[in-house]
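Look at the sequence and the structure first, then read the points below.

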Amino acid sequence: MGKVWKAVSRAWPVSLFFIALLPRIFGLGQFLTSDERTNIFVAGSAVVQAFLRGDFRATYWHFYPGVTMSWADGLGMAAQWAFERLTGATTLPLSAFVDSDIRQVMVMARLPYALLTALFAPALYVLLRRWLDPRRTDRRAQWLSAGAALVLAFDPFLLAHSRVVHGDAPVSVFMTLSMLGIFLYLRNGGRRMFLFSAVMGALAALTKAPGQFMALAAILAFAGDWARVSITNRRFDGALARRRGLELAAWGLVALAVFVALWPAMWVDPLGTVRHMLAETFGKVDEGHLVYFMGRATKDPGLWFYITVLPFRLTPLTGIGLALSLPALVRPLIARRRQPLTPAAALLILLWLYAIALLLFGNLSPKKQDRYLLPLFPVFDVLAVLGLQFIIYNSKFKIYQWGMAALVAVQAAIALPWHPYYLAYFNPLLGGLPRAVETTLVGWGEGMELAADYLNQKPDAENLYVASTPSQTFLPYFAGRGENFYTNDVALRADYVIIYRAQ
């Protein structure tokens, strides 16, 4: 029986990957979101072309900086080009192929994002298992780790963003893995975990804000560990302070080396690239971002924006689990003097501290959208499972096993009916989509292809002229012509006008 269980244990990561991949991989060409034309042809095609001609400075395309997006887009389109060259479907060179029609390349440009976020499930499982069960002998810890990974895999908000060409899902993956890597290193040590955390932190910073938060998170984690030990021992531990300081510096140097190595613009003009990025970043932050919040359009929705909007993106399971995690958080703190913290209780405390710090960091900028704090959702999902597991932890193994399976089944049942329009999911406990449209901006382009399908059935559809916003999500599916409209003169000369909810 022991050998069978070991074999099953080794199969868990592979199984988790394919389970997570299934809701991500189908229907990738169904619709376009507002930013994807830019993210495919500017972050992807233009950067690939600049790299191929040796113009490394031109691989800077945005202050995000979106470097991992360029690599993902480029790898996806290059794989498609190589396959089509081998099969004779195209004779174009790669530099020309990446400028193909958006509907021809969008699926393969999106595929790396789906694969990355599917790999996130087994990676999270492995890290949680190492934290909860270092000796790998506790089956409950294994089921808890697998349950958390799958609850996260079926989170509709993360699912939605893992199927589009954008940086929000990748930065969520890299930040979460870097954070867990830091925690594991500080507890267990080990060169591999140290390097893993630094590399993931660099990838987060190369993707987009709030990935740069990982530098601050690393400082807080290393300093916090020193403070914890000093308070526990009731003395200033100077030796540990020096050690943690040196480790933090080494972590930063590894992250910086990866940051430079993966961004060609840094190879030829590092100072100019950083100056350009910082100038644009602070310029955009000062400029703000027009959003709709609580009945008004504003460029600075204020402190309550994320506190109000993020719960709409939670599932009932995650929301209930988060609520249950709070008493589960207080209980070990109260009992701290009587017994040592369990690994699950320690992780609960660390994740809540990380989530609060990230929420405060995100609130510093007036430029806000719900997806900007998507990196909180993997943390929320793990916290929710940790909160829910306290209810079933004291049960017998079979009940615990089926309890974790039930959590995953509930999360999947909530998310999967929304396929492929996961972006349209909002928490039914808060009123769902009808209430969300009264509270915040809803709609990122999904559904515009349905309007195009309808108009394509009209007589002489190829000669119709349609005013729509965002037209970049409509025109690739439409047989006729059209443009964006923000003023009546465009709308009045059109044959049809499409009014979109976000507009």
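Val98 sits in the loop between helix 4 (94-97) and helix 5. Helices (H or I, at least four residues) and strands (E, at least two) are DSSP runs, numbered from the N terminus. This is a predicted model: local features need pLDDT of at least 70, side-chain atom pairs count only at pLDDT 80 or more, and totals for chains, interfaces and linings use all residues. Residues are numbered from 1 along each chain as its sequence is written, and side-chain values use heavy atoms, with hydrogens and water left out.

- Val98 is buried, with a relative accessible area of 1%. Buried means under 20% relative accessible area (1.4 Å probe, protein chains only).
- Val98 touches Phe41, Ser45, Val48, Gln49 and Met77, leaving aside residues up to four places away in sequence. Contact means heavy atoms within 4.5 Å.
- Gln49 is 49 residues from Val98 along the chain, and their C-alpha atoms are separated by 8.2 Å.

**Helix 5 and helix 8**
- The axes of helix 5 (residues 102-132) and helix 8 (residues 168-188) come within 10 Å and cross at roughly 20 degrees. Axes are lines fitted to C-alpha atoms, for helices over the stretch in contact, and angles run from 0 to 180 degrees between N-to-C directions.
- Ala, Val, Leu, Ile, Met, Phe, Trp, Tyr, Cys and Pro count as nonpolar, Asp, Glu, Lys and Arg as charged, and the others, Gly among them, as polar.

**Helix 9 and helix 11**
- The axes of helix 9 (residues 191-207) and helix 11 (residues 238-261) come within 8 Å and cross at roughly 50 degrees.
- Helix 9 passes helix 11 in a right-handed crossing.
- By class, this contact has 13 nonpolar, two polar and one charged residues.

**Helix 20**
- The buried residues of helix 20 (residues 448-456) are Met448, Glu449, Ala452 and Leu455.
- They cover an arc of only 120 degrees around the axis, which puts them on the same side of helix 20. The arc is that of the directions from the helix axis to the C-beta atoms.
- Their cover includes strand 3 (465-468) and strand 5 (496-498).

Definitions and conventions. Buried < 20%, exposed > 50% of the residue type's maximum accessible area, 1.4 Å probe, protein only. Left-handed = near helix turned anticlockwise from the far one by under 90°.
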